[in-house]
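Reader: Hello! Could you walk me through this model, one question at a time?

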Amino acid sequence: MLGADAVLLLANVLNKEQIDEFIVQAEEYGLDCMVEVHTEEELLSVLKTRASMISINNRNLVTFDMDLNTSIRLKPLIPEEVVSVSASGVRGPGDIALLNRAGFHAALVGKP
């Protein structure tokens, strides 16, 4: 291994069976999996898999606009025992505080 800790799986590319298969394979190598969703439909599908960590990407993949409200709207659908991460569009301490109040376990912060 080259030092990886986790694998990112994209719900808009993989079906439920593929996600579960990749999670099992990753676990064999001691890797965690974070499954990224963009929509409620993707989230509801991923919740039927073995995923224990879900990332909500706030970037619209068609327009590339970012809206933190995507995370706020979808978070209540994620069970508390599933690690929830908000990704993209997190711009500073105020956003982190908002996501913390919404119940997120983590946020992915990068350059805009």
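Author: Gladly, and we can begin with strand β2. Five of the six residues of β2 are buried, so the rest of the structure largely encloses this strand. Buried here means under 20% relative accessible area, exposed means over 50%, and partly exposed lies in between (1.4 Å probe, protein chains only). Helices (H or I, at least four residues) and strands (E, at least two) are DSSP runs, numbered from the N terminus.

Reader: Thanks! What should I know about the numbering and the cut-offs behind the model?

Author: Residues are numbered from 1 along each chain as its sequence is written, and side-chain values use heavy atoms, with hydrogens and water left out. This is a predicted model, in which local features need pLDDT of at least 70, side-chain atom pairs count only at pLDDT 80 or more, and totals for chains, interfaces and linings use all residues.

Reader: In what order do the five strands of the open sheet come?

Author: Two strands pair if DSSP finds at least two bridges between them. The pairing in this open sheet is parallel, and the order of its five strands is β1-β2-β3-β4-β5.

Reader: Which strands stand at the edges?

Author: A strand at the edge has a single partner strand, so one side of it is left without a neighbour in the sheet. Neighbouring strands are turned by 30° against each other on average, direction ignored; axes are lines fitted to C-alpha atoms, for helices over the stretch in contact, and angles run from 0 to 180 degrees between N-to-C directions. The edge strands are β1 (6–10) and β5 (106–108).

Reader: How many bridges pair β1 with β2?

Author: Strand β2 covers residues 32–37 and runs parallel to β1. Leu9 stands opposite Val35 in β2, and Leu10 stands opposite Glu36. The number of bridges between β1 and β2 is five.

Reader: Which residue of β3 is the bridge partner of Val37?

Author: Strands β2 and β3 run parallel and are joined by three bridges. For Val37, the bridge partner in β3 is Ile56.

Reader: Which residues of β3 are buried on each side?

Author: In a regular strand the side chains alternate between the two faces of the sheet. Five of the five residues of β3 are buried, so the strand is largely enclosed by the rest of the structure. Both faces are covered, with Ile54 and Ile56 on one side and, on the other, Met53, Ser55 and Asn57.

Reader: Which residue of β4 stands opposite Ile56?

Author: Strand β3 (residues 53–57) pairs with β4 in the parallel sense over five bridges. Strand β4 (residues 83–87) is mostly covered, with four of its five residues buried. Opposite Ile56 stands Ser86.

Reader: How far apart are the end C-alpha atoms of helix α1?

Author: The expected span of a helix is 1.5 Å times one less than its number of residues. Helix α1 (residues 16–28) has 13 residues and should therefore span 18 Å. That agrees with the distance between its end C-alpha atoms, which is 19 Å.

Reader: Within what arc do the buried residues of α1 fall?

Author: Ile19, Ile23 and Ala26 are buried in α1. Seen down the helix axis, the buried residues line one face, because they fall within an arc (that of the directions from the helix axis to the C-beta atoms) of 70°.

Reader: Which exposed residues does the face turned away from that buried side carry?

Author: What covers the buried residues of α1 includes β1, β2 and α2 (40–46). The face of α1 turned away from its buried side carries the exposed residues Glu17 and Glu28.

Reader: Is Phe64 buried or exposed?

Author: Phe64 is found in the loop between β3 and α3 (69–74). Its phi is positive, about 65°, although Phe64 is not a glycine. With a relative accessible area of 53%, Phe64 is exposed.

Reader: And is Ser88 buried or exposed?

Author: Ser88 lies in the loop between β4 and α4 (93–102). Ser88 also has a positive phi, of about 75°, although it is not a glycine. At a relative accessible area of 18%, Ser88 is buried.

Reader: Last one: what is the relative accessibility of Asn58?

Author: Asn58 is in the loop between β3 and α3. Leaving out residues up to four places away in sequence, Asn58 touches several residues, among them Asp65, Thr70 and Ser88, where contact means heavy atoms within 4.5 Å. Asn58 counts as buried, and its relative accessibility is 3%.
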